[in-house]
Amino acid sequence: MLPASMLRLRPLASFSRKQATVGKDALVRIMALDIGKVRCGIAISDPQEKIATPLCVLPTEEVRAYAPSFRRVCEDWEPELIVSGLPLTMGGAKGPQARAIREVAQQVSSKLGLPLEFSDERLSSSDAKRSLREQGFSEKEMRGKVDMIAASLFLQSWLGKRAAGSVKGEANES
């Protein structure tokens, strides 16, 4: 279940990496992309790589094209790694959807000049919907939130695996 604190969504401008920079220490942020046919949910890690926070949802084409809206998110947060959700089948196989997502993620990674990792995103959207429903959100209110919360859920899982040293690498899938 998603903690209620993750559902109190703040405007993008209310917190940014620029505000969090301390001294000369470089802060590392990891950006998660939940890439869909129409929308892309975006989440970001804290500099210590412990907490994933949902940021926003943008049209997938804007993310793919590195449009000003996505460019602003990247400039504000300055991620150093991209983690893309990879929709595997329940049996763990990669289907046509996974191949299409991989292609978009590789294009985005290339445009940003950032390394790319993949994370199993099975059930992240249904978990996000369930959490929002439990918090009293209607189907209409959920629209626009599900994708970024799903991105934060699989990023949180990926961060936990990374901290435990169990992130696998197939062109970096976990």
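These are my notebook entries on a predicted model, taken element by element.

**Ground rules.** I number residues from 1 along each chain as its sequence is written, and side-chain values use heavy atoms, with hydrogens and water left out. Since the model is predicted, local features need pLDDT of at least 70 and side-chain atom pairs count only at pLDDT 80 or more, while totals for chains, interfaces and linings use all residues.

**Inventory.** I looked up the secondary structure and found eight helices and five strands in the protein. I take helices (H or I, at least four residues) and strands (E, at least two) as DSSP runs, numbered from the N terminus. From the N terminus on, the order of elements is α-α-β-β-β-α-α-β-α-β-α-α-α. Of the 174 residues in the protein, 45% are buried. Buried means under 20% relative accessible area, exposed over 50%, and partly exposed in between (1.4 Å probe, protein chains only). I then looked at contacts, meaning heavy atoms within 4.5 Å. Among the contacts with a separation of 6 or more, 65% are between residues 24 or more positions apart.

Two strands pair if DSSP finds at least two bridges between them.

Strand 1 and strand 2 are antiparallel, paired over five bridges, and they form a hairpin with three residues between them. In this pairing I located aspartate 34 opposite glycine 41 of strand 2. Strand 2 (residues 39-45) is also antiparallel to strand 3, with seven bridges between the two. Serine 45 has alanine 52 of strand 3 as its bridge partner, and alanine 43 has proline 54. The hairpin of strand 2 and strand 3 has six residues between the strands, and glutamate 49 in the turn has a positive phi of about 60°. I checked burial along strand 2: six of its seven residues are buried, so the strand is largely enclosed by the rest of the structure.

Strand 4 and strand 5 run parallel and are joined by five bridges. I found isoleucine 82 opposite leucine 116 in strand 5. Four of the five residues of strand 5 are buried, so this strand is largely enclosed by the rest of the structure.

Arginine 102 lies over the face of phenylalanine 118, 4.3 Å from the ring centre.

**Helix 4.** Which residues of helix 4 (residues 68-77) are buried? I listed Phe70, Val73, Cys74, Asp76 and Trp77. They are on the same side of helix 4, because they cover an arc of only 165° around the axis, the arc being that of the directions from the helix axis to the C-beta atoms. After helix 4 comes glutamate 78, with a positive phi near 45°.

Phenylalanine 70 is buried at 0% relative accessibility. My search of the whole structure for aromatic pairs returned one. The rings are those of tyrosine 66 and phenylalanine 70, with centres 6.1 Å apart and planes at 85°, so the pair is edge-to-face. The test covers rings of Phe, Tyr and Trp (its six-membered ring) with centres within 6.5 Å; planes under 30 degrees apart count as stacked, over 60 as edge-to-face and the rest as tilted.

**Two single residues.** Glutamate 121 is in the loop between strand 5 and helix 6. Is glutamate 121 buried or exposed? I have it as buried, at 12% relative accessibility. Leaving aside neighbours within four places in sequence, glutamate 121 contacts Asp34, Gly85, Leu86, Pro87 and Phe154.

Arginine 133 belongs to helix 6 (residues 124-134). I have arginine 133 as partly exposed, with a relative accessible area of 45%. Not counting residues up to four places away in sequence, arginine 133 touches Glu139 and Met142.

Technical notes: A charge sits over a ring if NZ of Lys or CZ of Arg is within 6 Å of the ring centre and within 35 degrees of the ring normal.
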